[in-house]
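Me: I would like to go through the pockets of this model and then its overall build, one question at a time.

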Amino acid sequence: ERPYWQLVTQRLRPGDISTHMFRGPVPWIDAKGKVYEYLHEARKRGVIFDVGHGGGSFVLRSAAPAIGQGFYPDTISTDLHTGSMNAGMQDMPTTMSKCLAMGMPLKDVIRASTWKPAQVINRPELGHMSIGATADIAVFRLAEGDFRYADAFGGRVTSKQRLIAEVTVRGGKVAW
């Protein structure tokens, strides 16, 4: 009774976040294979689109064509719980790797996972490495090989790259 197009074009205000953007029931692609214009309109109005990949909230049939057409998520996040971490989502590096596999440039994947979310939630002290910033650092290795990624409904995408978490520094101390 509440169509998604109505939510993002009429109800959400500039700065509001639509998370789980690639969930199954949300229509993303029109009959010609193009991202629906209402999504572009919502973004122009200032609606923030967040991945929010969880156990049932990410389908490649929407994500791959949208990202392929340059409609990248503003922010990349996970909906971490036992049903998602033990299924296709797995973890944040895997979610980031999926976006990379679908054609989102690495610099945009990193920005959408760090600096942009900090801006969106009004935490300008986070998400960047500047003089005086808290030393919160995630170090990744960009592995080369043959990798497969799954969505929540049996969709698959392959890639030659995968981000692997090597170390996490929180407040200047190694946390993992």
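Me: Which element supplies the largest share of the lining of the largest pocket?
Reply: In this predicted model, the largest pocket holds about 820 Å³ of space, and among its 27 lining residues S113, T114, D136, I137 and A138 are the closest to its centre. At least two lining residues each come from α5 (92-101), α6 (106-113), α7 (115-120), β3 (137-150) and β4 (156-170). The largest share, five residues, is supplied by β4.

Me: How many residues in the lining of the largest pocket are nonpolar, and how many are polar or charged?
Reply: The lining of the largest pocket includes I137 and A138 as well as D136, which are among the residues closest to its centre. Divided by type, the lining has four charged residues, six polar and 17 nonpolar.

Me: Which helix gives the largest share of the lining of the second largest pocket?
Reply: The second largest pocket has a volume of about 270 Å³, and its lining includes R2, Y4, L7, R11, H20 and V26. By type, that lining divides into five nonpolar, four polar and three charged residues. Its largest share, four residues, comes from helix α1 (residues 4-11).

Me: What radius of gyration does the protein have, and how does that sit with a compact globule?
Reply: The C-alpha trace spans about 50 × 35 × 30 Å along its principal axes, and buried residues make up 38% of the 176 residues. Because a compact globule with 176 residues would have a radius of gyration near 16 Å, the value for the protein agrees with that expectation, at 16 Å.

Note on methods. Residues are numbered from 1 along each chain as its sequence is written. This is a predicted model: local features need pLDDT of at least 70, side-chain atom pairs count only at pLDDT 80 or more; totals for chains, interfaces and linings use all residues. Side-chain values use heavy atoms; hydrogens and water are left out. On a 1 Å grid over the protein atoms alone, a cavity is a set of points where a 1.4 Å probe fits but cannot get out, and a pocket is an open set with protein on both sides within 12 Å along at least five of seven lines; lining residues have an atom within 4 Å of a point. Grid points are joined across faces, edges and corners, and a volume is the space filled by probe spheres set on the points. Ala, Val, Leu, Ile, Met, Phe, Trp, Tyr, Cys and Pro count as nonpolar, Asp, Glu, Lys and Arg as charged, and the others, Gly among them, as polar. The radius of gyration is taken over C-alpha atoms; the globule rule is 2.2 Å times the number of residues to the power 0.38. Buried means under 20% relative accessible area, exposed over 50%, partly exposed in between (1.4 Å probe, protein chains only).
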